[in-house]
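Here's a quick briefing to read with the model open in your viewer.

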Protein chains: 2
Amino acid sequence: MSTTTSPSLSGGEPEIVIVGGGIVGLVLALGLLRVGVKVKVYEQAQSFREVGAGIAFTANVIRCMNLIDPSVPVALRSSGSVATSNGGAEDPDDYLRWIDGYERHREDPRKQRLFYKLSAGPRGFEGCRRDQFLESLVKCIPSDVVELKKRLETIEDKGANQKLLLRFRDGTTAEADAVIGCDGVKSRVRRILLGEDDPASRPSYSHCVAYRTLIPMAQAIEALGEYKATNQHNHVGPNANLLHYPVANNTMINAVAFVRDPNKWSDDSQTVAVGTRDDVKAAFKGWCAPVRDLIERFPDTVSKWAIFDLWEYPVPQYNNDRLCLAGDAAHATSPHHGAGAGQGIEDALCLSTLMREVVAETREHPETKAKAITAAFRTYDAVRRTRSQWLVNSSRRVCDMHQQAEWADDTKITKAETVFEEMRDRTFKIWHFDYEAMLKETLQGYKQRRGWANGVVKNTLIY
Amino acid sequence: MSTTTSPSLSGGEPEIVIVGGGIVGLVLALGLLRVGVKVKVYEQAQSFREVGAGIAFTANVIRCMNLIDPSVPVALRSSGSVATSNGGAEDPDDYLRWIDGYERHREDPRKQRLFYKLSAGPRGFEGCRRDQFLESLVKCIPSDVVELKKRLETIEDKGANQKLLLRFRDGTTAEADAVIGCDGVKSRVRRILLGEDDPASRPSYSHCVAYRTLIPMAQAIEALGEYKATNQHNHVGPNANLLHYPVANNTMINAVAFVRDPNKWSDDSQTVAVGTRDDVKAAFKGWCAPVRDLIERFPDTVSKWAIFDLWEYPVPQYNNDRLCLAGDAAHATSPHHGAGAGQGIEDALCLSTLMREVVAETREHPETKAKAITAAFRTYDAVRRTRSQWLVNSSRRVCDMHQQAEWADDTKITKAETVFEEMRDRTFKIWHFDYEAMLKETLQGYKQRRGWANGVVKNTLIY
């Protein structure tokens, strides 16, 4: 795959470059290696230590990881992932809880009403630090597969039976039969695939910011009481919501204040800014005592993340010939479902399954490699686009439900609470994903496109 | 149940008054009679001939009807209900179809893109005229059960072990152990149950009007072409949508133009007004030729229905002691899912099942009648409220999806189309309702409330 390799596409196993060494890129690399693809991963960062945020996966997504490569869930657990629940033996399930964050002038100002609770089952979520999971994943991958400090500039298509040529900012090049962009929300591959003028080539501001901080458990208990501090809670109210859950073996809580922002974001190349505790206090004015007391314990300055996503301009197609997009590059979402990375894992399972078929076909018929890869990417687009773009929409909708203005209006509380049935349906659609059905659809779709089976591949009808 | 009956509640089978002789009231009456309840239905109208609109039921709802009383689906079919599909033998399924209604300046201006299609299965819907179904239902009910021209004024609760006293506008009275309000969107029982000051005692304007008309099939074919004219289609576009389907043995189409209206509705006692073809033309300016041509074939004046629902102020609880609400009285919805009456049938199945238990218990322990009825109504509220209020929300959401401003913006079409996954989920939640699970939950909830089983009845938690 160096520049001295023959540029002809035919012969040998498929050679695929993954652009981006985030979680989706590395998990996909493991999946492709396992089915016999020659893989290179090019990552622009200097190391995997750069981003230390936390990340959690549902039990369903961990089962998908296991199908991609059993070393993935092993890596997750060896990176110190823990179930996010602190339930005792009598109820070990993980839950999501939505609690009334607004001031109701109760006799006991520390009491809050639990609006809704959903069980994700035992070990329903496992959380870890993103950088630690990345390091564990890298250890599973042969050392010559991943290259750091490689910032992609262009991809050149030299013709149907030629390899694609990638050029990096450092002047080096690489070749591949196909390229998969796992390069995140600001994906370079997406801009190459769609062109700079397509509005979907860049994410848009979701008009919501997230203030994030860690708070020592003792202080969190002072503010919230022991039960609320040691268990996940999402406090909902007008134009904001406050999510927190215990981390670091219950020694701290991770607190995230989501706040609606009607303004434009001034600089979309710089999406993390410095916020202050006073900003957060202003956004949660009129909320109940436990919420206000917790915010009092925020540091003077907190990081303020502008949330960008692909809701406003979704990618019309995830593939084009021998290029395709996966994970945030394809469908960057706001984080309100906590399910963005999980969608990328589902993508990786679909792509690995397809490439297993391509490898098998290419072994018999080396000359069909380009067509097989193109059919695989088309199938991937048909299978994954609807669900992953649904998630982007759903996450926005869930934010609207969390932050309804109605929470502040006593006459509208009944209406506001009617959203939880929808919340449950949306959450269960994510948690209880039938990936076996997805795999069946994937294989059928590929076979149809390769002409091995009857049946028509769905097209948009004009009449 | 006349005014000379003893007012004491104890002894004998439960005596229930149903206020309102619409479809839900009459179906519920059949269900209650079947389980051994003494039933009276009081309807304010002069006859069942008053409203002649069409109505359709899903296959799932027809199965619920059959569980309530097998005479109900027989009455439906004897009233001339037909499957709404015109599919041939090769594809007899009923479908919902969403089609691009906006002008795209195609080479052939009569072509439109089919955005999405959902199969409801063979005989997935059966449609009939509302008045004919009512007449068929009445024929199944003993003649002394239903009284017309009875307009309810008040319900007096004379104490825990006394019968409720109903007073009608004509000066007559009636007594009952319990009262179920099936009296529709403008329910009098709802106002009595909640009090006049509760905003949920009256429906609110949904800011959408429906222009309805029938058009001869030959004219519809001229405008739409044969396939579109003879099959259900929903044309979507900015701030409006146009739904049509064949009726009257394919001799006509029923066309409904839904139009967003940002204004207030001037008189909420008068929700049907006279509209003009020019109003409709103005709302569909910029739409494609087939839609415009169909509207040209609307009569000069068309009826204009203001759509009112209980979305903005949902009923906080469907029961209070021995009063309860069912159907539109409990959860009047906008018609965008075409599922309002079906929800009322599900209510009737739940209530019939509960009253079968009450009858059985009362036979053994006549002194518990009041408590048993109260527990039944509480269970009904717990089982039915969430789903039926979800539908009210969902119908509003579906209207927003049909009428997205994005349909008129070429750069936003990809985004607009991503809603169809949600449309599918919402529609399937209605069509594939697990009524067996509902019945199980109903029986369990009743037994728990009557102290026959372990387990805690869910309460809102404050901590």
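A disulfide here is a pair of cysteine sulfur atoms within 2.5 Å. By that rule, this predicted model has zero disulfides over all chains. Local features need pLDDT of at least 70 and side-chain atom pairs count only at pLDDT 80 or more, while totals for chains, interfaces and linings use all residues; side-chain values use heavy atoms, with hydrogens and water left out. Residues are numbered from 1 along each chain as its sequence is written, and chains are lettered from A in the order in which they are written.

**Cysteines**
- The cysteine sulfur closest to that of Cys208(B) belongs to Cys399(B), and at 4.1 Å it is too far for a bond.
- Cys208(B) is buried at 2% relative accessibility (buried is under 20% relative accessible area, exposed over 50%, partly exposed in between; 1.4 Å probe, protein chains only).

**Where the chains meet**
- 38 residues of chain B are in contact with 38 of chain A, contact being heavy atoms within 4.5 Å.
- The copies meet through the same surface, because 100% of chain B's interface residues are also interface residues in chain A.
- About 3,300 Å² is buried between the chains, 57% of it from carbon and sulfur atoms (buried area is the accessible area, 1.4 Å probe, that two parts lose on being put together, summed over both).
- Lys415(B), Ile462(B) and Tyr463(B) supply 22% of what chain B buries against chain A, more than any other three residues.
- Eight salt bridges cross the interface (a side-chain nitrogen of Lys or Arg within 4 Å of a carboxyl oxygen of Asp or Glu).
- One of them pairs Glu421(B) with Lys429(A), with the closest N and O atoms 2.5 Å apart.

**Ser395(B)**
- Ser395(B) is in helix α12 (residues 369–402) of chain B and is buried, at 0% relative accessible area.
- A polar atom of the Ser395(B) side chain lies 3.1 Å from the backbone nitrogen of His336(B).

Technical notes: Helix = DSSP H or I, 4+ residues; strand = E, 2+ residues; numbered from the N terminus. Polar contact = N/O pair within 3.5 Å; in protein donor to acceptor, adjacent residues only side chain to side chain.
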